Amino acid sequence: MILTAEQQRKVEENMGLVGQVIKDKVHGPYQFGVYSHDDLYQIGCVGLCKAAATDKGGCFSTYAYRLIWNEICDALIYSSRRRDMEVLGDDLPLPAREPAEEFSELHMDLYDALELVGTDAPPSTAKGIRAMILMSKGYTSREIGDQMNASAKLVCAWISKARKFLRARPELKSLAESYYA
């Protein structure tokens with residue numbers, strides 16, 4: 001975007017407005033998502049430049065404030081959707097691999113432990129554990145969902161629940177530590 005000298009002057013005079021929008025609208029670092037404060041500032045500056053390029057008179061700061069905030073919101077929404085697609089959009093099949101010979105006994109111990117823990121788990125968590133086992137064998141969320149009569153997103157939700165459940169199990173923690181030792 002190429003700005004005229006007058007538009008550049010407006011941008012320079014209102015640079016503080018970008019910081020004000022971030023201060024007013026983004027509360028705490030947990031809302032930044034994948035972006036740092038400097039990233040959001042640069043994104044806001046793009047919005048300020050758009051405001052200067054499309055200004056038709058009136059109160060510039062009010063107009064610019066809204067465009068700056070819209071630009072930041074668009075970036076945060078895009079990054080959230082992208083992250084969700086990476087987490088939930090598990091459509092690429094992983095090749096099924098045979099465990100290395102020295103780890104095959106340990107893999108069997110892990111599978112046995114997961115199946116044993118799955119018997120004590122609530123139903124949706126048990127489904128998540130079964131889905132994790134299938135995923136380790138190379139199945140995608142969609143394929144697992146087809147086998148379990150569920151959507152790929154539901155399978156991912158089950159897996160997420162199962163991971164939280166498994167993190168709290170001390171017997172699996174000791175088994176995992178022996179695996180990585």
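1. Start with Glu71 and Lys50. Their side chains are joined by a polar contact of 3.0 Å. A polar contact is a pair of N or O atoms within 3.5 Å; within protein, one must be able to donate a hydrogen and the other to accept it, and residues adjacent in sequence count only if both atoms are side-chain atoms. This is a predicted model, in which local features need pLDDT of at least 70 and side-chain atom pairs count only at pLDDT 80 or more, while totals for chains, interfaces and linings use all residues. Residues are numbered from 1 along each chain as its sequence is written, and side-chain values use heavy atoms, with hydrogens and water left out.

2. Stay with Glu71. Glu71 sits in helix α4. Helices (H or I, at least four residues) and strands (E, at least two) are DSSP runs, numbered from the N terminus. Is Glu71 buried or exposed? Glu71 has a relative accessible area of 18%, so Glu71 is buried. Buried means under 20% relative accessible area, exposed over 50%, and partly exposed in between (1.4 Å probe, protein chains only). Leaving aside neighbours within four places in sequence, Glu71 is in contact with Ile43, Val46, Gly47 and Lys50. Contact means heavy atoms within 4.5 Å.

3. Now the whole protein. The secondary structure comes to 9 helices and 0 strands. Along the sequence the pattern reads α-α-α-α-α-α-α-α-α. Of the 181 residues, 34% count as buried. Take the contacts with a separation of 6 or more: residues 24 or more positions apart account for 66% of them. The protein exposes about 11,900 Å², and carbon and sulfur atoms supply 56% of that area. Accessible areas come from the Shrake-Rupley method with a 1.4 Å probe; for residues, only the protein chains shown count as cover.

4. Next, the cores. A nonpolar core is a set of buried Ala, Val, Leu, Ile, Met, Phe, Trp, Tyr and Cys residues joined through side-chain atoms within 4.5 Å. The largest one has 22 residues, and Leu40, Leu48, Ala64, Ile68 and Ile72 have the most contacts inside it. Helices α2 (15–25), α3 (37–54) and α4 (60–88) each supply at least two residues of this core. Which helix gives the most? It is α4, with 9 residues. A second, separate core has 9 residues, including Leu114, Val117, Ile133 and Ala162.

5. Look closely at Leu48. Not counting residues up to four places away in sequence, Leu48 touches Val11, Asn14, Met15, Val18, Phe60, Ala64 and Ile68.

6. Gln7 belongs to helix α1 (residues 5–13). Gln7 is buried, because its relative accessible area is 17%. With residues up to four places away in sequence not counted, Gln7 touches Ile2, Ala52 and Ala53.

7. Asp24 is found in helix α2. Asp24 counts as partly exposed because its relative accessibility is 31%. Asp24 and Trp69 are 45 residues apart in sequence, yet 9.9 Å apart in space, C-alpha to C-alpha.

8. Consider helix α7 (residues 141–148). Its buried residues are Ser141, Ile144 and Gly145. Why are they on the same side of α7? They cover an arc of only 100° around the axis, so they lie on the same side of α7. The arc is that of the directions from the helix axis to the C-beta atoms. An α-helix has 3.6 residues a turn, so residues three or four places apart point the same way. What covers the buried residues of α7 includes α6 (123–136) and α8 (152–167).

9. Asn149 follows α7. Asn149 lies in the loop between α7 and α8. Its phi is near 55°, a positive value in a residue other than glycine. Most residues other than glycine have a negative phi. Asn149 counts as exposed, because its relative accessibility is 73%.

10. Arg169 is in the loop between α8 and α9 (170–180). Arg169 touches Val117 and Asp120, not counting residues up to four places away in sequence. Arg169 and Val117 are 52 residues apart in sequence and 8.5 Å apart in space, C-alpha to C-alpha.

11. Last, the cysteines. How many disulfides are there, taking a disulfide as a pair of cysteine sulfur atoms within 2.5 Å? The count comes to 0. Cys49 is in no disulfide; the nearest cysteine sulfur, that of Cys45, is 6.8 Å away. Cys156 is buried, because its relative accessible area is 11%.

Conventions:
A disulfide is a pair of cysteine sulfur atoms within 2.5 Å.
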